Amino acid sequence: MKTMTNVDIYAISHELNNFLEGSRVDKSFQPNKETVVMRFHKAGFGRVDLVMEAGKRIHKSQYPLPNPTTPPSFPMLLRKRLKGANLIGIKQYNFDRIVEITLKKDQIYTIVVELFSKGNIILLDEDKNIIMPLKRKSWSNRDISAKKEYIYPPENGINPITITSEEIKSLFKNSEDDLIRTLAKNGLGSLYAEEIILRTNNQRKNEDLPLIDKKTDASKLSDDEIKSVYKSLKSIFKPLSDGEIKPEIVSGDKNDVLPIELLKYKEYKHDYFDSFNEACDEFYSKAVKNTITTEQEKAWNKKISKFEKRLEFQESTLEGFKDTIEKSHKKGELIYSNYQKIESLIKVVEDARAKDYSYQEIDKILKKAKKEGMAEAEIIKSVDKMGNILITIEDTDININSKISIPENADIYYEKAKKAKHKISGATIAIENTKKQLEDILNKKDNAMSSIMLPQKRVKKELKWYEKLRWFVSSTGILVVGGRDANSNENVVKKYLDNNDIYMHADIHGAPSTAIKLNGNEIDDNTIKESAIFAASFSSAWSDGYSTQDVYWVKPEQVSKSPESGEYVAKGSFIIRGKRNHVRGAKLRIAVGIVDYEGKRLMAGPEEAMKSLTDNYVVIKPGYTKKEAMAKSILSKINEENIIELDDIVRVLPTGKCDFDDKKY
């Protein structure tokens, strides 16, 4: 994956500062070891995710990354210190690959994002002391550890936006490198160094001047050549200083993302974007998708390879058993069919041993006799020091023990064949088991690869008024809404509860004010029952682990904000006067699914209501699984058309842990 250049960082930091200044920090996440995401809330716009990958990139993103169920310590510290902080500014440090994000809460904080080498993300206090780094590192002149003063790396490079002709002249005259290396090593990198020389020579060619070899010693450049180089350098980076960048992704022999157009990529395919942040988001998110897929592929292939190697070994072993049976049978038969020859040979060996010949001497004598045409020695190959005779019959080597009978020698081979035959059955069963396991894991790989949750672009949705609350549509078509917090509880009663509606509330502290929007219709038992399940499920009874909860309903005129003398009614709370109509033991169960109600949208409500609108849903109950983990499982089950995101599901789930209802899953 490409590392952002100094030029990229200049463009991105200016855009981020202009867009995010004054925004408020929400949560922070760490999707993987090197990446931290800070979520901001921008007034009038909403959620903005800022992705920071150590040593690689920083930009705002519309591609949410999957987060671990248990957040690591670094984002937890950011949440503790920075949640609710206001963004003061974002800037590049000295045209280096360093970005500083300044925030204000109880004090001034700075997040330093290092995009050079392997990079780092470091939280500093107002005295520029390190509170905590993403990665602890230490060099002879820098110690990136908690409670240490943050020391910037040595300055290394020029600022092409502000550099003067005298500064560039001094740079070249004092350089010990050639032209291309001098430019590249001073913060411009090889890409922009090549571009400067390319434009310089194009310009000199038009002016009928000698071209400059990039290998020329920088210190030997003439004043006229330095002037040409300087002119090209300033022309390349003028769009940056003028704020007139042209963000693009280029595709060709290599892919790249750039804030300005380069002659080097003239023949490439160009895709232009409204902002450099948008271009970087598309470029890097595509790379992240490829990385996720590649890593998953590697992991599955490693598992598959294990079974393939096992199967290869088992099949080789089976063939070995078959080969042993065939060859052992043949050797046994050859022993019997050549009984007299072998018997004569054994007798020769026995006679020689009786005369105190060693087996080594017998071996030499028999080999010599074979050459001389001795009949008994024609099948001899060798005699070892233990008295085993190796013979060859019909191109088959047979080992004969001279100390035992010929039938006993034959039985050794028949027994070997018998044992191999017994092993064939077990080997065949093992092979079938491995084939089945291999088939299963291949199927699992196909399913896993097809269901990989790659980052999907988050498109800002225009919510209906009821989607800003908790809501569902009953099986009889009646809209029911409930508050999400104290403010929305107030709104449910004051803005959305009309005279003909029904007000409902769980008989427990910590529950949503619920309005059944009758719109002139008569209330029915199904809607009352479903609304009671809704009101109970989104109350504190869910997080308390209850399975049922009593609920009551009244008419709007019974709901009041006016307390008795000396009493106080907190925000989001109301006084109920008169008789309450109770629904006893409403079950805590919520169905989550995608319905077509004024367009496709996510709904969370009673199962009976959900059934009437769709069959694409799941049912959950109070349980032990965290919301984020549960949301991922739900997303994989119902998001067939990719119209919802993980955050959408998290938002509609009841407060507290949950599990799937066994009756549904």
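Trainee: Which residues are linked in a network of salt bridges?

Mentor: Arg 39, Arg 47, Asp 49 and Asp 647 are linked in such a network. Keep in mind that the model is predicted. The structure holds 36 salt bridges.

Trainee: What makes Glu 195 and Arg 199 a salt bridge?

Mentor: The closest N and O atoms of Glu 195 and Arg 199 are 2.8 Å apart. The cut-off is 4 Å between a side-chain nitrogen of Lys or Arg and a carboxyl oxygen of Asp or Glu, so the contact between Glu 195 and Arg 199 at 2.8 Å counts as a salt bridge. The two residues are 4 residues apart in helix α4, which means that about one helical turn separates them. Both Glu 195 and Arg 199 are buried.

Trainee: How do you know that Asp 498 and Lys 517 form a salt bridge, and where do the two residues lie?

Mentor: Their side chains meet at 2.8 Å, N to O, and the limit is 4 Å. The pair links distant parts of the chain, 19 residues apart: Asp 498 is in the loop between α10 (486-496) and β20 (502-506), and Lys 517 is in strand β21 (residues 514-517).

Trainee: What about Lys 269 and Asp 271: how far apart are their closest N and O atoms?

Mentor: They are 2.9 Å apart, and Lys 269 forms a salt bridge with Asp 271. Asp 271 has a relative accessible area of 30%, so Asp 271 is partly exposed.

Trainee: Which sheet includes β14, and what makes β14 an edge strand?

Mentor: The sheet is open, has 3 strands in the order β13-β12-β14, and its pairing is antiparallel. β13 (256-258) and β14 (269-272) each have a single partner strand, so they stand at the edges, and one side of each is left without a neighbour in the sheet. Neighbouring strands of this sheet are turned by 25° against each other on average, direction ignored.

Trainee: How do you know that β12 and β14 pair?

Mentor: At least two bridges are needed for a pair. Strand β12 (residues 248-251) and β14 have 4 bridges in the antiparallel sense, so they pair. Val 250 stands opposite His 270 in β14.

Trainee: What is the strand order of the sheet that contains β16, and which helix packs on that sheet?

Mentor: The order is β15-β16-β17, in an open sheet of 3 strands with antiparallel pairing. Neighbouring strands there are turned by 20° against each other on average, direction ignored. Helix α7 (residues 339-354) packs on the sheet and touches β15, β16 and β17, with its direction at about 150° to that of β16. β15 is joined to strand β16 (residues 388-393) by 3 bridges, and the bridge partner of Ser 382 in β16 is Leu 390.

Trainee: What makes the phi of Ser 117 worth a remark?

Mentor: Most residues other than glycine have a negative phi. Ser 117 is not a glycine, yet its phi is positive, about 50°. Ser 117 sits in the loop between β7 (108-114) and β8. At a relative accessible area of 62%, Ser 117 is over the 50% limit and therefore exposed.

Trainee: Where does Asp 208 lie, and why is Asp 208 called exposed?

Mentor: Asp 208 lies in the loop between α4 and α5. Its relative accessible area is 72%, and exposed means over 50%, so Asp 208 is exposed. Asp 208 also has a positive phi, of about 60°, although Asp 208 is not a glycine.

Trainee: How does the span of α5 compare with the expected value, and where does α5 bend?

Mentor: Helix α5 (residues 223-242) reaches 27 Å from its first C-alpha to its last, close to the 28 Å expected for its 20 residues. α5 bends by about 40° at Ile 236, and Pro 239 follows within four residues.

Notes
Residues are numbered from 1 along each chain as its sequence is written. This is a predicted model: local features need pLDDT of at least 70, side-chain atom pairs count only at pLDDT 80 or more; totals for chains, interfaces and linings use all residues. Side-chain values use heavy atoms; hydrogens and water are left out. The expected span of a helix is 1.5 Å times one less than its number of residues. The bend at a residue is the angle between axes fitted to the seven residues ending there and the seven starting there. Buried means under 20% relative accessible area, exposed over 50%, partly exposed in between (1.4 Å probe, protein chains only). Axes are lines fitted to C-alpha atoms, for helices over the stretch in contact, and angles run from 0 to 180 degrees between N-to-C directions. Contact means heavy atoms within 4.5 Å.
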